[in-house]
Structure formats: C-alpha cells, structure tokens
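Work through these exercises with the structure open beside you. Try each task before you read its solution.

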Amino acid sequence: MSAAGPLTATDGTGLLLWVAVPYICLAVFVAGHVWRYRKDQFGWTSRTSQLLEHRWLRWGSPLFHLGAFAVIGGHVVGLAVPASWTGSMGISEHAYHTVAVALGTVAGAAMVAGLGMLSARRLLAPRIRTRTSHSDKVLFPLLAVTVALGIAATVVHNIAGGGYDYRSTVSVWFRGLFLLQPQPAAIADAPLLFQLHALSACLLFAVWPFTRLVHVWSAPVGYLRRPYLVYRRKAAPPVYGGHPADPARRGPAGPGAPR
C-alpha cells in the first residue's frame with residue numbers, strides 16, 4: 001500500500017472532496033440532462049462540421065470514440081465490479097491487472113491520438129475554430145486533463161512503478177457513493193494522481209449535460225433495425241420536338257395533331 005495522498009479524508013476537507021463534491025456533480029449531471037432535454041432538444045445531438053473539414057475528422061473521430069468506449073468499459077469493470085467477483089470467476093489479481101494495463105494502454109493511446117487530432121482540427125482549421133462554442137472551449141481542456149491524469153497514474157504507478165491496487169481504495173470509494181454509503185477514508189490512501197483523476201472525472205460529469213457529450217445518449221441504435229432505403233434512378237422523360245416532355249410544348253393531343 002502506498003503512502004496516503006495529500007488530499008486526505010480527515011476533518012471537513014475529506015468530506016468536502018470525497019462526499020460533497022461527487023454528490024453535487026452527480027446532482028448537476030442528472031438535473032442538467034433533464035433541463036437540457038426540456039430546453040434544447042434540437043441541440044441534443046452533436047452538430048456536424050464534416051463539410052467544413054474532413055481530413056482530421058476521418059481519423060480522429062473513430063480513434064477517439066472507439067478508445068473512449070474501451071476506456072469507459074475498463075473503468076466500469078475496474079470500479080464497479082468488486083475484486084471478489086472476478087476472483088470467483090477464476091481470474092487472479094495479477095492476471096486482471098496485467099490484462100487491464102495492456103488493454104488500457106492501447107485504448108488510452110487510441111483515445112489520446114483521436115482527441116489530439118480533434119483538438120488540432122479545432123485549433124488549426126480557421127472555419128472550425130470560429131464555430132467552436134464556449135462549452136467546447138471548456139470541455140476539450142477538461143477532457144484532456146482527465147485523460148492525461150488517468151494515463152499518468154497508470155504509467156507512474158502500474159507500469160514504471162511496482163503496481164498499485166486501486167480496486168481496494170478508489171473502487172471502494174466509488175461504489176460507496178452509489179450505494180449511499182460514502183467511504184471517504186477509502187480514497188484517502190490513494191496516490192495524488194489517482195485522487196486528481198477522480199476529482200477531474202467528477203467535474204467532467206458536472207459539465208457533461210451542457211456540452212456535446214450529451215449526444216452519446218442519442219446513439220443511432222435504431223438504424224440497426226431500420227429497413228434499407230431503396231433509391232431508383234428516375235427514368236428520362238421522352239423528347240418531343242427536341243424538348244423534354246412538357247404539356248405546354250406538346251400542343252394538341254389526338255391522332256390529327258402534328259408531331
């Protein structure tokens with residue numbers, strides 16, 4: 001077990017950081033989504049800017065989204081699933097951490113590469129930069145800081161260091177919040193990088209409903225069962241006297257009409 005982090009759970013500071021702040025952020029997360037849906041349904045989905053610039057988007061968007069989904073999935077398993085559950089399935093802690101670090105490194109690298117491309121696109125493309133909203137100016141730096149802190153914690157403590165079992169500290173604190181049994185002392189022993197990563201993630205949840213992140217709830221799952229759209233080429237109209245078929249140009253109809 002590593003030494004206790006600077007952001008300890010003693011007195012009111014720990015209660016503020018590890019109980020009050022997370023619950024405030026979660027409350028803003030829920031209430032903000034309700035407000036956003038009722039006030040801005042037309043802006044719920046992410047606005048596309050593909051027509052303005054496509055080169056960076058073609059690679060950056062898939063890398064970021066696929067990497068983000070993998071990172072979120074890894075966090076769900078690591079934080080929400082107790083170690084006793086994976087142990088009951090015959091997965092040792094050593095095997096779990098080895099696979100988690102390997103897959104997390106690949107997913108994190110993809111997410112960082114994609115986020116870097118998307119950020120560079122907004123900074124270097126003048127038309128995209130002028131269309132960047134105030135919420136994006138807050139979201140992109142906060143997202144970058146959260147990702148950077150998570151990668152730094154993994155590299156410093158699990159790759160370069162001797163390994164750190166966050167499932168016995170950070171995970172216990174995380175599950176306690178949702179079970180309405182907060183345990184601020186559980187995260188007090190976590191290293192500073194893990195503590196900062198947890199706080200930045202809480203802030204990210206707080207700004208989530210007011211940014212383009214809400215479009216994750218509008219994933220086009222319905223398109224998977226939507227019938228195909230059949231497009232047919234429109235037949236060319238017949239030509240009368242060098243002009244397309246037009247009732248105004250055909251003249252009188254009948255067997256005696258001139259052709």
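**Exercise 1.** Find which residues of α2 meet which residues of α7, then describe how the two helices pack.

*Solution.* Start with the contacts (heavy atoms within 4.5 Å). Gly78, Leu79 and Ala80 of α2 meet Val170, Ser171, Phe174 and Arg175 of α7. Sort the residues of this contact: four are nonpolar, two polar and one charged. Here Ala, Val, Leu, Ile, Met, Phe, Trp, Tyr, Cys and Pro count as nonpolar, Asp, Glu, Lys and Arg as charged, and the others, Gly among them, as polar.

Next, the geometry. Two packed helices are described by the angle between their axes and the distance between the axes. Helix α2 (residues 55-80) packs with α7 at an angle of about 90°, and the axes are 8 Å apart. Therefore α2 is roughly perpendicular to α7 (65 to 115 degrees). Helices are DSSP runs (H or I, at least four residues), numbered from the N terminus.

A note on the source: this is a predicted model, where local features need pLDDT of at least 70, side-chain atom pairs count only at pLDDT 80 or more, and totals for chains, interfaces and linings use all residues. Residues are numbered from 1 along each chain as its sequence is written, and side-chain values use heavy atoms, with hydrogens and water left out.

**Exercise 2.** Check whether the span of α9 agrees with its number of residues.

*Solution.* The expected span is 1.5 Å times one less than the number of residues. Helix α9 has 16 residues, so it should span 22 Å. Its end C-alpha atoms are 23 Å apart, which agrees.

**Exercise 3.** Is His197 buried or exposed, and what does His197 touch?

*Solution.* Locate His197 in helix α9. Its relative accessibility is 17%, so His197 counts as buried (under 20% relative accessible area, 1.4 Å probe, protein chains only; exposed is over 50%). Leaving out residues up to four places away in sequence, His197 touches His75, Thr146, Leu149 and Gly150. Other buried residues of α9 include Phe194, Leu199 and Cys202. Among the elements that cover the buried residues of α9 are α1, α6 and α8.

Terms used:
Axes are lines fitted to C-alpha atoms, for helices over the stretch in contact, and angles run from 0 to 180 degrees between N-to-C directions. Angles under 35 degrees count as roughly parallel, over 145 as roughly antiparallel, 65 to 115 as roughly perpendicular and the rest as oblique.
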